[in-house]
Amino acid sequence: MSNPIEQAQSREWFYAYELPDGSTTPTYHGVDIQAIHDTRWQMLQDCLAQDIGPEWNGLSVVDLASHQGWFAWNMARSGFSPVLGIDARQQHVDDSRLIAEIYGYDLLTFQQGDVHQQGPEQPGRFDVVLMLGLLYHLEDPVGALRVCRSLCKNICIIETQVVPGMTGYVDYGSYEFVRPLKGSFGIVDETEETHGPEASITGVCLVPSLDALMWLLRKVGFSSARVLQPPPDAYEQLRYHKRVMVAARV
Ligand SMILES: C[S@@+](CC[C@H](N)C(=O)[O-])C[C@H]1O[C@@H](n2cnc3c(N)ncnc32)[C@H](O)[C@@H]1O
């Protein structure tokens with residue numbers, strides 16, 4: 001049996017992990033994709049510094065849809081503890097555990113699970129909830145936002161693709177009963193791609209508009225929510241507002 005670093009080098013990764021021996025894990029999307037991770041990590045750190053200050057030691061984190069654990073690993077490296085990553089795909093959980101083993105992070109753990117099955121009894125409540133790159137892969141995004149709120153003790157950071165929104169009014173059953181639209185969803189079909197490591201597990205994806213996301217965050221019980229500003233050199237999807245990162249407070 002090869003050692004853990006050799007095991008990491010023998011498979012392909014979504015993230016370019018820097019390993020303790022100075023090597024970097026081989027990636028299956030090429031090096032360009034790392035820019036989206038780096039931008040999001042920079043925005044996440046800036047937000048946490050602003051919202052909870054510089055002292056992160058001992059604050060708990062759950063990372064929903066942790067994939068191969070890169071954001072959870074970065075949180076653990078930054079002092080957050082314990083850090084739990086949850087992902088629907090067991091292979092991602094196995095890969096993430098290998099990274100935690102390589103770094104000897106005992107309080108960085110991972111488990112397989114569907115976001116919709118999580119709640120305050122299990123796995124519990126956390127100071128920081130992360131849900132990055134997941135919402136737009138779900139057929140029940142509102143339910144997932146409710147899960148985020150139920151797990152959150154302080155701050156929740158959501159990063160998602162958004163669609164252009166419709167605005168205006170709808171005759172809701174009668175022209176005499178007119179309601180304003182609060183936001184909208186776009187349907188994206190991933191039904192042929194559910195085998196993909198980054199994809200939806202059901203294939204039916206409801207992507208929110210930014211208005212919808214901001215309105216829903218308040219309706220599921222967060223007291224406030226703000227859109228984080230991308231840095232000037234941000235990955236293009238964030239720079240041009242095709243994706244957003246939002247911080248919601250309990
Ligand atoms: C685009 S990747 C994002 C990964 C990571 N959070 C990031 O932003 O780099 C989507 C991830 O969501 C996971 N996933 C999809 N549906 C899920 C669900 N219902 N519950 C938990 N994880 C899910 C996938 O396995 C995949 O790891």
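Two strands are said to pair if DSSP finds at least two bridges between them. In this predicted model, strand 6 and strand 7 (residues 177-180) meet that condition, pairing in the antiparallel sense over four bridges, and Val 170 stands opposite Arg 179 in strand 7. The protein chain as a whole holds seven helices and eleven strands.

**Overall fold**

- The radius of gyration of the protein chain is 19 Å, close to the 18 Å that the globule rule gives for 250 residues, so the chain is as compact as a globular protein of that length.
- The C-alpha trace of the chain spans about 70 × 40 × 40 Å along its principal axes.
- Of the 250 residues in the chain, 36% are buried.
- Among contacts with a separation of 6 or more, 62% are between residues 24 or more positions apart.

**Ligand shell**

- The ligand is surrounded by 15 residues, of which the closest are Ala 65, His 67, Ala 88, Leu 132 and Gly 133.
- Sorted by class, this shell comprises six nonpolar, five polar and four charged residues.

- Helix 5 covers residues 141-151, and its buried residues are Pro 141, Ala 144, Leu 145, Val 147, Cys 148 and Leu 151.
- The partners against which the buried residues of helix 5 pack are strand 1 (61-64), strand 4 (126-132), strand 5 (152-161), strand 9 (204-208) and helix 6 (210-219).

**The strand 6 hairpin**

- Strand 6 (residues 169-174) lies largely in the open, because the number of buried residues among its six is zero.
- Strand 6 forms a hairpin with strand 7, and two residues lie between the two strands.

**Cis peptide bonds**

- Most residues other than glycine have a negative phi, and most peptide bonds are trans.
- Ser 81 and Pro 82 are joined by a cis peptide bond with omega of about -10 degrees.
- Pro 82 is placed in the loop between helix 3 (70-77) and strand 2 (83-87).
- A cis peptide bond also joins Gln 122 and Pro 123, where omega is about 15 degrees.
- Pro 123 is found in the loop between strand 3 (108-112) and strand 4.

**Positive phi at two histidines**

- His 67 has a phi near 50 degrees, a positive value in a residue other than glycine.
- The loop between strand 1 and helix 3 contains His 67, which is also listed among the closest residues to the ligand.
- A residue counts as buried if 20 or more other C-beta atoms lie within 10 Å of its own, and as exposed if 12 or fewer do.
- His 67 has 25 other C-beta atoms within 10 Å and is therefore buried.
- His 241 has a phi near 65 degrees, again a positive value in a residue other than glycine.
- The position of His 241 is in the loop between helix 7 (236-239) and strand 11 (243-249).
- With 12 other C-beta atoms within 10 Å, His 241 is exposed, whereas His 67 is buried.

Notes. Residues are numbered from 1 along each chain as its sequence is written. This is a predicted model: local features need pLDDT of at least 70, side-chain atom pairs count only at pLDDT 80 or more; totals for chains, interfaces and linings use all residues. The radius of gyration is taken over C-alpha atoms; the globule rule is 2.2 Å times the number of residues to the power 0.38. Two residues are in contact if their C-beta atoms, placed from the backbone, lie within 7 Å. A residue is near a molecule or strand if its C-beta atom, placed from the backbone, lies within 6 Å of it. Ala, Val, Leu, Ile, Met, Phe, Trp, Tyr, Cys and Pro count as nonpolar, Asp, Glu, Lys and Arg as charged, and the others, Gly among them, as polar.
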